[in-house]
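Let's walk through this one together. Have a look at the chain first, then we'll go through its salt bridges, strands and helices.

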Amino acid sequence: MRALSRRSFLAGTATAAALAATGGTLAGCSSGDGKVHLELFQFKSEAITLFDQICEDFNAANPDIVVTQNFQADNITSLRARLVKGDTPDLITINGDYNYGALADTGIFYDFNRTDLLNGVNPSIAAILDTLGTGGEGQTNGVAFADNGSGIIYNKDVFDAAGVEPPTTWDELIEVCDELTAQGIDPFYWAIKDNWTGAPAFNSLSGSFLADGVAAWYEQRRDLDSGTSFAELSPVFEKMYQAIQYGNADKAALGYNDGNQGFAQGKAAMYWHGTYAIPAIRSYNPDINLGTFAAPADNAADTKVVSGVDVALTMGENPAHLEENLRFFQYLMDEANMTAYCDEQVAYPTLTTLSAQDPALEGLQSYFDAGRVATYSDHNFPPAITLNAYVQQYLFNGDMDQLITTLDASGTRSSVASTRRPEAGGPNHHDHANRHRAAGPRPAGRAPQDPGQQGQEGRPGLHLDARPGSARLHRVADDPAAHGRLLHLHQLQGLRRLALRRPDQLQEPVLR
């Protein structure tokens, strides 16, 4: 189980409470023009123009529906605020990270296994969302629309001039580093002033190293009786420290933007970041000739690409306009629209019938095609463990014993009060990278609805028991709008779990 801080636990309580009170989404409406108006809650600043065009084209082809984009830069904060008010957006795009998982675990999202939207989606990519969180056993609460890859970016022209090839094993990577060094070329361009910039190396190396699966290892680690220690990841930590010795001497003084600019200027041959960094690099040098390869394992057959769902599609559990919502999502998942988005955003399409068209992405595509995909290690860390700071310190001082001892001790403390998901707002290198992109103008969109501006105490039929050690929402009167939903939140021995119950299932909470 993953740890939730008190703040995220209470935030999740309010979220589910609002949905229990409202029974689902309130955002969509049928206006006086006889059309169904839907809101597309969208978080990618760099994709505003494209989504506007997609909405315009969809509306033209579906005269009974009007979809309007509502861009939200701080989308998780905004989404939580909306959910507390019972104002679930009709159509939601969200990054497939622990924030998604924390919300999915509360049961507020639709189960897309009821539809055919998952048909044709790469199973290894669809499974990533399921490992993050679900509203119930066998559910899939999001549809993977676009994917990213975390590996090593390299300058093809520098490689060609030096006469080296992308390595397929760890020993080959070190040989490449030694050869580049001998030619006076910095093998890597490092910029680790921003502490999260050490995470890509940790993620991509551990993804291949944990042969039985990243999520499975961390689940075992959270069992305090298993004896599982971060010492088992020593080979990963050793390789990280070995690699960081190859590169620029001023690495500690450079932040993420400095790294993008320096690499774009040809100051090194390789850059250890995910594909999310490619647009930023090209913003400094549009003509740079980039390629990618997966961070190699000791044996080439064990190498996997670490990947995350960059954009997932989801909606409320009980949408007011289900048919219209699904019609728009089906339109988005059309090959032409997915290709247009992935080409513009330098992303991997999730349909098995499509491949990335950008030459810089070719080096990782074969891993997606073969299903050799692992999820991010840092998605398994609760916010109580400041992983990025610990990794940064290790890269500075090389004290692996200190790193392992700190992670083991922190992991033990966080496991004492744990749920499956960490708190929204924890470490996420994708979020950090996106914050360095220009937000762009925010288009006019339909303002979020606020039903009565009521606080929780103003919601009919519900009462929040907020006494210490208790967090239960009880029904005290019938409320037709609740659609028979009753929320139980309970706490025992520091273990906090959330479960949804219907009136005919009313009982004392049962620990699972």
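## A salt-bridged arginine

Is Arg327 buried, partly exposed or exposed? With a relative accessible area of 22%, Arg327 comes out as partly exposed; the cut-off for buried is under 20%. Bear in mind that this is a predicted model.

Arg327 makes a salt bridge with Asp64, and their closest N and O atoms are 3.0 Å apart. Glu323 and Arg327 are 4 residues apart in helix 13, so about one helical turn separates them. Glu323 is partly exposed, with a relative accessible area of 43%.

## Other salt bridges

Across the whole structure, a search turns up 10 salt bridges. One of them pairs Asp310 with Lys44, with 2.8 Å between the closest N and O atoms. Asp310 belongs to strand 9 (residues 305-314) and Lys44 to the loop between strand 2 and helix 2 (48-61), so this pair ties together parts that are 266 residues apart in sequence. Here, both Asp310 and Lys44 are buried.

There's a network as well: Glu39, Arg82 and Asp87 are joined by salt bridges that share partners.

## Strands

Strand 2 (residues 36-42) and strand 3 run parallel, with 7 bridges joining them. Phe41 has Asn70 of strand 3 as its bridge partner. Strand 3 (residues 65-71) is largely enclosed by the rest of the structure, because 6 of its 7 residues are buried.

Elsewhere, 3 strands make an open, antiparallel sheet in the order 7-6-8. Strand 7 (270-271) and strand 8 (290-293) are the edges, each pairing on one side only. Strand 6 (residues 152-155) pairs with strand 8 over 4 bridges in the antiparallel sense, and 2 bridges join strand 6 to strand 7, also antiparallel. What does Tyr154 stand opposite in strand 7? That's Met270, while in strand 8 Tyr154 stands opposite Gly291.

## Helices and a loop

Helix 8 (residues 199-209) is mostly covered, with 10 of its 11 residues buried; among them are Phe202, Asn203 and Leu205. Helix 3 (residues 75-84) is mostly covered as well, with 7 of its 10 residues buried. Its buried set includes Ile76, Leu79 and Leu83, along with Arg80 and Arg82. Just after helix 3, Gly86 has a positive phi of about 75 degrees.

Val346 also has a positive phi, near 55 degrees, and this is a residue other than glycine. Val346 lies in the loop between helix 14 (335-345) and strand 10 (348-349). With a relative accessible area of 7%, Val346 is buried.

## A charged patch

Finally, the surface. Asp171, Glu172, Glu175, Asp178 and Glu179 form a negative patch there. Asp178 is part of helix 7 (residues 170-182), and its 40% relative accessibility puts Asp178 in the partly exposed class.

Conventions: Residues are numbered from 1 along each chain as its sequence is written. This is a predicted model: local features need pLDDT of at least 70, side-chain atom pairs count only at pLDDT 80 or more; totals for chains, interfaces and linings use all residues. Side-chain values use heavy atoms; hydrogens and water are left out. Two strands pair if DSSP finds at least two bridges between them. Buried means under 20% relative accessible area, exposed over 50%, partly exposed in between (1.4 Å probe, protein chains only). Patches are made of residues with over 30% relative accessible area and no salt bridge: like charges are joined within 9 Å, nonpolar side chains (Val, Leu, Ile, Met, Phe, Trp, Tyr) within 5 Å. Accessible areas come from the Shrake-Rupley method with a 1.4 Å probe; for residues, only the protein chains shown count as cover. A salt bridge is a side-chain nitrogen of Lys or Arg within 4 Å of a carboxyl oxygen of Asp or Glu. Lys and Arg count as positive and Asp and Glu as negative; His and the chain ends are not counted. The place of a charge is taken as NZ of Lys, CZ of Arg, CG of Asp or CD of Glu.
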